Structure formats: structure tokens, C-alpha cells
Amino acid sequence: MIRATLAAIALCCSFSIAATAQDYEDEGPKVIAPEPADPYRWLEDIEGKKSLDWVRKQNAATDKLILSRPGFEADRKRAREILDDDRQIAMPDEVMGDVVTNVWRDAANPRGLWRQSPLDAWLAGKPVWTTLIDVDALGKADKKSWVWHGADCLAPEYERCLISLSPGGTDADIVREWDRTTGKFVMGGFTVPLAKSSVTWENADTLLVATDFGEGSMTASGYPRIVKRWKRGTPLAAAEQLVEGETADVGMSVGAYVDRDKRWTVIRRGKSFYTASYYLPSSDGESYHTVPITESADLRTVIDGQAIVFLNEDFGPDLPAGSLISQSMEIMTNDGQVPIIRVMTPTKAQAIEDVAASDNILWVKALDDVEGKLFALRHNAADDSWSQKEVALAPNATIQIAGTAGKRDLVLATAETMLQPPTLYAIGEASAPQVIQRLPAVFDAKDMRVEKRFATSKDGTKIPYFLVRKKGSEAAPVPALIHAYGGFRAAQTPGYLTGQPYRAGPLGLFWVEDGNAYVLAGIRGGGEYGPAWHQAALYEKRQNSFDDLHAVAEDLVKTGVSTKGKIAISGRSNGGVLVGAAMEQRPDLYGAVISGSPLKDMRRFSKLLAGASWMDEYGDPDDPADWEYISKYSPYQNIRKGVKYPPIFLYLSTKDDRVHPGHARKFAAQVMEYGNDVYYHEYIEGGHSVGADHAEDAVRAAMLHGFLLRELVEKR
């Protein structure tokens with residue numbers, strides 16, 4: 001796969017475009033929408049003394065309210081035990097020949113062990129682990145707060161690896177060459193300095209590198225715009241330039257796909273968040289050239305010499321958006337006319353979410369009314385057709401592809417529900433799924449039940465949501481917590497309650513055990529029903545996602561699950577826009593708000609850190625036409641004096657180098673100035689994901705639980 005920080009840029013995922021004056025030089029001067037007055041602009045100074053003094057004051061006020069609460073320490077301790085439980089599944093990081101690697105975190109190893117086991121032993125459920133890198137020990141030795149960002153080991157020997165390590169959890173990392181045979185970093189080996197980089201092997205003595213090469217080498221979004229070939233024994237400054245993008249691009253990423261014994265290196269130029277050009281090596285291997293993959297499509301994997309491409313837009317009348325097609329890699333390499341072959345087209349209720357390839361089988365994970373399905377597909381080279389077979393796994397479950405064992409034609413996948421813990425399977429095309437490891441139940445679910453329901457949004461669209469609560473609670477309304485996202489094609493699928501909502505650990509479990517209701521909503525903007533579901537909330541249609549959230553909350557009231565003022569809403573990152581707009585539009589409906597690593601100031605988002613990369617999702621706030629609709633929902637600009645808003649808990653990280661902490665800081669300050677209750681907690685480490693380790697995750701889960709109890713249960 002393409003390994004790169006750019007692969008995880010979004011507020012959840014991908015890439016976008018930043019306009020510059022250069023884009024308009026043939027159109028005359030650009031008209032820019034005026035920025036509203038901003039009394040709290042000074043809080044954008046991330047590490048400034050005045051800003052950090054303000055942060056410390058807010059943290060202390062929240063700590064005073066929450067940390068001494070009865071039950072807080074019990075919650076924190078239990079959350080930590082759940083997160084550190086050594087009965088957790090040893091998920092595969094990668095299958096490398098006859099071994100499997102895993103990243104293991106527990107109480108003794110909070111930053112993790114990267115380790116390996118013989119594949120056969122692991123498949124039999126009796127792994128024999130050998131530690132490769134102890135991240136905690138490495139951090140102590142280097143006097144750095146290292147957070148593991150992954151390893152890229154060169155197939156087929158997998159002896160030399162590129163290890164990515166982040167200081168404190170930022171998107172930026174360093175890349176160092178490591179030898180799996182000696183267990184040491186290579187003296188004088190490849191090292192890419194700290195940056196938002198994308199690096200992969202071209203061969204044992206050559207890397208493809210997209211990084212910060214100095215002035216002018218980065219895009220307006222803060223990602224690399226140049227890819228170079230770096231040969232062993234030469235300085236990085238002498239690397240040969242291969243592909244150059246534009247400043248207005250999102251950025252470049254590099255990677256490789258292994259197809260049996262063939263390794264295909266690929267360069268991806270992210271022109272915008274949702275468009276890209278792909279480059280393959282020329283026949284002589286010296287240069288890279290673009291290939292005819294439509295710019296709105298995504299290259300997902302390679303199998304049997306076929307590029308597997310996901311269509312985000314209709315490609316003629318017979319290939320609707322959401323379909324998979326295949327194109328010959330060999331023909332594309334040689335600049336030939338490439339036939340387009342249908343691989344799979346989902347039904348209207350389905351969405352293809354993930355694909356992975358073993359040597360002979362293309363594995364496809366799809367959603368069917370937001371429930372997981374798994375398919376095995378084979379390529380018939382004789383007529384370029386594809387056969388398709390559904391592989392039974394677990395009914396009504398969320399399925400995740402964890403990897404493949406290529407030569408054995410196995411897919412490694414988990415299945416779970418809100419009440420059933422994950423089970424990891426090895427699955428063949430025809431054989432019964434083999435259980436590798438089953439997570440023991442962490443809580444007693446016999447008195448709980450899950451329902452899939454549909455709310456009707458303002459325009460009549462049916463919005464799916466999952467409701468979990470205790471049996472018998474139907475007799476009277478109870479407080480409810482709704483978690484949603486609604487953006488960037490990211491579907492919200494129901495997982496075991498110890499991990500819901502995202503980045504808040506077992507908060508969902510604690511809440512349901514209290515006798516309350518927890519809801520996961522699949523609102524528009526996500527990928528629950530494919531590209532059309534996402535496109536229904538883009539640009540001027542963003543209000544649809546807010547209306548969908550309101551509809552789910554109102555459905556809880558209408559059906560007697562909860563009541564107005566007793567419903568909390570939760571959203572992270574892009575979800576910060578969602579819950580910010582929702583609490584302002586319907587302060588009567590919601591009683592509490594949780595907002596993590598949030599976007600709030602949609603007038604300046606494109607000027608802060610990676611924000612320029614998201615304009616293909618929201619629009620360009622400098623463009624008066626776009627600002628016309630963005631201004632109607634931007635949370636920071638729509639705080640109104642004299643309105644009583646529900647209490648909000650904002651959590652984030654100073655080290656978040658994706659979403660600027662100024663968003664949450666300014667929003668909190670303005671809401672407090674107008675007399676509303678704000679709980680604020682800003683971690684120093686953790687990056688966009690906030691928690692650098694389980695200790696911080698456990699504290700956050702306990703704090704958020706205390707907040708919800710205080711605001712929705714104890715207050716009358």
C-alpha cells in the first residue's frame with residue numbers, strides 16, 4: 001500500500017487544494033471575503049506564554065470540577081484496566097513472508113512493542129513473540145517522547161525497514177533505516193529528518209522520498225510537493241528530482257504494492273483532497289510518468305497485474321460511482337490504451353469500504369445498510385472477467401480487514417458488534433473462517449440490547465443510527481449520548497462499546513451501564529452509502545449533516561428514548577464543526593456537547609496548519625460566494641450573545657499539527673465570555689489523536705463520563 005503521513009491527513013483521511021494568487025493571475029485581482037473581527041486571535045499563538053497561561057488556567061478549572069468527583073478515580077482505573085488488558089487481540093501489523101508483526105501496548109509498554117511471531121504459530125493461536133523494537137526503551141535512550149508511526153520493510157526479504165517515529169504524536173515524524181537481521185538501526189543508513197514525509201523503498205539501495213527539501217518544497221497545505229530518488233551513500237540534498245507538483249496541490253505521497261513476486265512503486269500527486277494523478281515507472285525504470293486513472297478515482301491495490309480502482313464519480317452509464325474497476329498495470333507502464341474492466345458494483349444499499357489482495361484473491365469489505373459484508377473476487381485472465389462470492393463471517397457485525405497472508409490466500413479480518421467483542425479470523429475463499437483470537441467479554445451484556453433504526457431528516461432522507469441501552473429502559477426516557485462525524489467519506493460503524501465513541505475509550509460502555517442510551521449516527525457526509533452519501537453534505541449542502549443529527553435527536557424524543565435537554569452530542573475533528581453548529585442551531589434540543597480536536601473557526605481554517613487541504617470538503621472561505629454559505633454555520637462566528645448554550649467539553653492537544661488548537665481555544669473563550677459553561681482540557685502531547693498512550697486515554701474517558709453525569713444526570 002502507499003505508506004505516507006498524507007494517507008491519514010484528513011480530519012480523518014486524505015488530501016485537498018489551496019488556492020493562491022497565482023491561480024487567479026489571468027482573472028484579475030481576486031476578491032476576498034472580509035474576515036470578521038476576532039478578539040481572540042492571540043490564542044492562535046500555539047506555544048506563546050499568554051496562550052499557554054490561558055490553557056493552564058482552563059485545564060485547572062476543569063480538573064477542579066471533575067478530578068475530585070466521586071467515582072472519577074474508579075472510572076479512570078477501570079478504563080486503564082480495559083485499555084491495558086493483556087487479553088487484547090494481537091492484531092497483525094503486517095504479514096512478512098513466514099512471520100507476522102504486531103504492535104503491542106499494555107501497562108508495562110504504553111508506547112508499544114513492535115514484535116514478530118512465526119506465522120504458523122500465530123495462526124494457530126499460539127504466537128511466539130520476539131521483540132523487534134521497544135518504543136518506550138528507545139524513547140528513554142534517545143530522550144524523546146517517541147510515538148510509533150509504522151514500519152515499511154522491503155519485500156520479499158523484509159530485512160531492511162524504514163521506521164517512522166513521531167515526537168509526542170504529531171503528524172510529522174522522522175524516518176530511520178533499521179535492520180531486522182541485527183535488530184539495530186543501520187549506522188550511516190537512510191535517515192529522513194523530522195517533517196511530514198512520505199518515504200518508500202524503490203530498491204535495497206534507493207528510496208523514493210517526498211519531504212521538506214527546504215524553501216518552496218512544500219504545498220500551501222504544509223505537505224511535500226516534490227518527490228526525489230535518494231541513492232544510498234549520497235546526501236539527501238543530492239537526491240534526483242522525479243516529480244514536482246504545484247504549491248496549490250495538497251501534496252505528494254509515495255508507496256508500493258506487492259503483487260506476488262512483483263513490486264510496483266507508485267507516486268501519488270494529490271491535486272486536491274479528492275483528485276489525484278498517479279505515476280508509474282517508465283519501462284526503463286529511470287523516470288515516472290502519469291497513467292490514465294481518472295483523477296477523481298482512488299487506486300486501492302494491485303493483484304494479478306491489475307490496478308484495482310475505486311470510482312468516486314460515475315464513469316459512463318454502466319459504471320456508477322462506488323464501483324470497482326481494474327486496469328492493466330503493464331499496459332499503463334508502457335503507455336498503451338488501457339481497457340476498463342468492471343470488478344464489482346454495489347447495490348444502492350451497499351458501499352464498498354475497503355479492499356485487500358492476497359496472491360490470487362481480491363478481498364472486498366462492503367457495508368450493507370451499515371452492516372459488514374465480505375466478498376472474495378478472482379480475476380480470469382483469459383477474458384479479463386471477475387467472479388464474485390460472498391464469504392460468510394458474522395451476521396449483523398462490523399467487519400474490518402486487518403491484512404492478508406498472500407501466498408496462503410487468506411484474509412485476516414475482525415468481526416464485532418456493540419455488545420460482542422472482536423474476534424479475529426483467518427478466512428479462505430472456500431473454507432470455514434478460522435478463529436485466531438477471540439477477545440473475552442469485558443462487560444456483561446446480557447441486560448443490554450442494540451437496535452438499528454432510521455430517522456427521517458428534514459428533506460425526507462432516512463438516516464441510520466444504532467441505539468444501545470439496557471433492557472427495560474424503554475419504560476421511561478433516559479439521558480442519551482449521540483456520536484457522529486458526517487464528513488470526508490468516513491463511515492461510522494458500530495464497534496464494541498469499550499472503544500466507543502472514538503478516542504474516548506470505554507465512555508459509551510460507562511454511559512450504558514449507568515442506564516442511559518448511547519447512539520451512533522450515520523449522517524450524510526460520511527461513506528455509509530458510498531460517494532453519493534458523502535457528496536450530499538459537501539460545500540453549500542453541509543446543512544444536511546446538521547439536519548441529519550437533529551433528526552436523530554428528535555427521533556429519540558419522538559420514540560420516548562430521551563427528552564429535549566437530556567441529549568448529549570459528541571464529535572471529533574470534522575465532528576467539531578458538526579456539534580458546534582448543532583448546539584448553536586438547536587440549543588433547546590441538546591443538554592451537553594463533547595468536542596475533540598475540533599474545527600470551529602471556518603473563516604480561518606484554510607490558513608491554520610493543514611487546513612488548506614480541506615477546502616474540497618467545505619469550500620474556500622476567502623471566496624465571497626463560498627463564505628456566504630460557510631458563514632451560516634461556522635461555529636466560531638455564530639456564537640450569539642444572550643443565547644444559553646448547552647455546556648461543552650472541549651479536549652485537544654497542543655501538539656496537534658493537523659487541526660490548529662486555536663480553533664478550540666477561541667471557541668471556548670468566546671462561549672465563556674457570553675456566560676456559558678465550558679469544560680476545557682488541552683493535553684500537551686498526543687497530536688491529532690490527543691492521547692499519546694493509554695494513561696491519557698483513561699483519564700479522558702473518566703473526565704468525559706464525569707462531565708455527562710454532572711450535566712445530564714445530576715442537574716435537574
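I began with helix H8 and listed its buried residues, which are Asn 544, Ser 545, Phe 546, Asp 547, Asp 548, Leu 549, His 550, Ala 551, Val 552, Ala 553, Asp 555 and Leu 556. This is a predicted model, and I read every entry here with that in mind. Counting burial along H8, I noted that 12 of its 16 residues are buried, so the helix is mostly covered, with buried taken as under 20% relative accessible area. I then checked the length of H8, residues 543-558, and found that it reaches 22 Å from its first C-alpha to its last, close to the 22 Å expected at 1.5 Å a residue.

Next I turned to the sheet, which is open and has four strands in the order S10-S11-S12-S13, with antiparallel pairing. Strand S10 (198-203) and strand S13 (240-244) stand at its edges and each has a single partner strand, so one side of each is left without a neighbour in the sheet. I recorded a twist that averages 25° from one strand to the next. Looking at S10 and strand S11 (residues 206-210), I found antiparallel pairing over five bridges, and I traced Thr 200 to its bridge partner in S11, Leu 208.

Last, I searched the whole structure for cavities and found one of 30 Å³ or more. The largest cavity has a volume of about 40 Å³, and I noted its lining as Glu 35, Pro 36, Ala 37, Asp 38, Arg 41, Asp 601, Arg 603, Arg 604, Tyr 636 and Gln 637. Sorted by class, that lining has three nonpolar, one polar and six charged residues.

How values were computed. Residues numbered from 1 in each chain as written. Predicted model: local features only at pLDDT ≥ 70, side-chain atom pairs only at ≥ 80, totals over all residues. Heavy atoms only, no water. Pairing = 2+ DSSP bridges. Helix = DSSP H or I, 4+ residues; strand = E, 2+ residues; numbered from the N terminus. Axes fitted to C-alpha atoms, helices over the stretch in contact; angles between N-to-C directions. 1 Å grid on protein atoms, 1.4 Å probe; cavity = no way out; pocket = protein on both sides within 12 Å on 5 of 7 lines; lining within 4 Å. Points joined across faces, edges and corners; volume = space filled by probe spheres on them. Nonpolar A, V, L, I, M, F, W, Y, C, P; charged D, E, K, R; others polar. Expected span 1.5 Å × (residues − 1). Buried < 20%, exposed > 50% of the residue type's maximum accessible area, 1.4 Å probe, protein only.
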